[in-house]
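Colleague: Please bring up the chain and its fold. I have some questions about it.

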Amino acid sequence: MHSKTSSLKTKLLKAAVPLALACAFTAAPAMAKTATTVPAAAPQITAEQQHIAQRIGAIQQELAGIRSQTLQAHPELVKELKAYETAFNNKVKAMGYQPEKLIKRAQEIQLEARKEGLSNAKRTELVKEFAGIRTELAKQQRTILSDPAISKQDKQVQQDVITAMKKQNPKASKLLAELDGLVKQFKKS
């Protein structure tokens with residue numbers, strides 16, 4: 001069942017990538033022996049934002065566990081997710097998009113950003129490239145979800161999975177509310 005990802009899980013994981021990358025860009029200069037300053041183009045992440053990003057990651061992991069338990073207990077949801085994924089992936093292919101390549105590159109950037117001794121110029125280049133990838137993925141997702149049938153199916157499957165997760169584990173409601181609040185707080189700061 002782990003190979004069967006849903007839109008919800010993918011969105012949770014994709015949300016974690018920019019936050020983790022932002023933290024990596026901040027932590028790397030502090031760890032590097034040669035880097036003494038961060039260029040203006042690099043994001044300046046405060047200790048509070050770093051703490052928020054870490055908490056978001058922990059919540060996402062906990063929600064992924066609840067989701068997995070929920071799907072094991074509700075095979076009808078697995079069928080619904082598979083139908084949605086098929087429709088979404090068919091639309092992705094029809095549009096000629098290759099999000100896997102963009103996501104893979106974003107992950108490579110994250111690993112590269114953690115390297116000690118990374119020059120400020122290279123760090124700036126990585127930040128710009130990552131921002132471009134994030135923009136392109138968002139644009140592709142908006143285009144696909146602009147299809148009324150895909151959009152309706154997306155909303156329905158998310159609602160069904162979240163409702164089932166809340167019934168499976170009452171803690172899910174609290175975690176989802178906390179996650180929503182933390183994401184908003186991170187974006188504001």
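**Reading the predicted model**

Modeller: The chain exposes about 11000 Å², and carbon and sulfur atoms supply 56% of that area. Accessible areas come from the Shrake-Rupley method with a 1.4 Å probe, and for residues only the protein chains shown count as cover. This is a predicted model: local features need pLDDT of at least 70, side-chain atom pairs count only at pLDDT 80 or more, and totals for chains, interfaces and linings use all residues. Residues are numbered from 1 along each chain as its sequence is written, and side-chain values use heavy atoms, with hydrogens and water left out.

Colleague: What pLDDT does the chain average?

Modeller: pLDDT is the predictor's confidence in each residue, from 0 to 100. Over residues 1–42 the pLDDT is below 50. In the chain, 77% of the residues score at least 70, and the average is 80.

Colleague: How many contacts does the stretch of residues 1–42 have beyond near neighbours in sequence?

Modeller: Contact means heavy atoms within 4.5 Å. For residues 1–42, the model's count beyond near neighbours in sequence is 83.

Colleague: How many helices and how many strands are there in the chain?

Modeller: Helices (H or I, at least four residues) and strands (E, at least two) are DSSP runs, numbered from the N terminus. Along the sequence the pattern reads α-α-α-α-α-α-α. The chain has 7 helices and 0 strands.

Colleague: What share of the 189 residues is buried?

Modeller: Buried means under 20% relative accessible area, exposed over 50%, and partly exposed in between (1.4 Å probe, protein chains only). By that cut-off the buried share of the chain's 189 residues is 35%.

Colleague: Is Val-161 buried or exposed, and what is its relative accessible area?

Modeller: Val-161 is found in helix α6. Its C-alpha atom is separated by 8.0 Å from that of Thr-70, 91 residues apart along the chain. Val-161 is buried, with a relative accessible area of 1%.

Colleague: Which residues does Gln-153 touch, not counting residues up to four places away in sequence?

Modeller: Gln-153 also sits in helix α6. Gln-153 is partly exposed, at a relative accessible area of 25%. Its C-alpha atom is 9.2 Å from that of Phe-88, 65 residues apart along the chain. With that sequence limit, Gln-153 touches Ala-83, Tyr-84 and Ala-87.

Colleague: Why do the buried residues of α7 line one face of the helix?

Modeller: The buried residues are Ala-172, Leu-175, Leu-176, Leu-179, Leu-182 and Phe-186. The arc is that of the directions from the helix axis to the C-beta atoms. On the other side of α7, Lys-174, Ala-177 and Lys-188 are exposed. The buried residues line one face because, seen down the axis of α7, they fall within an arc of 130 degrees.

Colleague: Which residues are exposed on the face of α4 turned away from its buried side?

Modeller: In α4, Pro-99, Ala-106, Ile-109, Gln-110, Glu-112 and Ala-113 are buried. They cover an arc of only 165 degrees around the axis, so they are on the same side of α4. The face turned away carries the exposed residues Glu-100, Lys-101, Lys-104 and Leu-111.

Colleague: Which residue follows α3, with a positive phi?

Modeller: α3 has 21 residues and reaches 30 Å from its first C-alpha to its last. The residue after α3 has a phi near 80 degrees, and that residue is Gly-96.

Terms used:
The expected span of a helix is 1.5 Å times one less than its number of residues.
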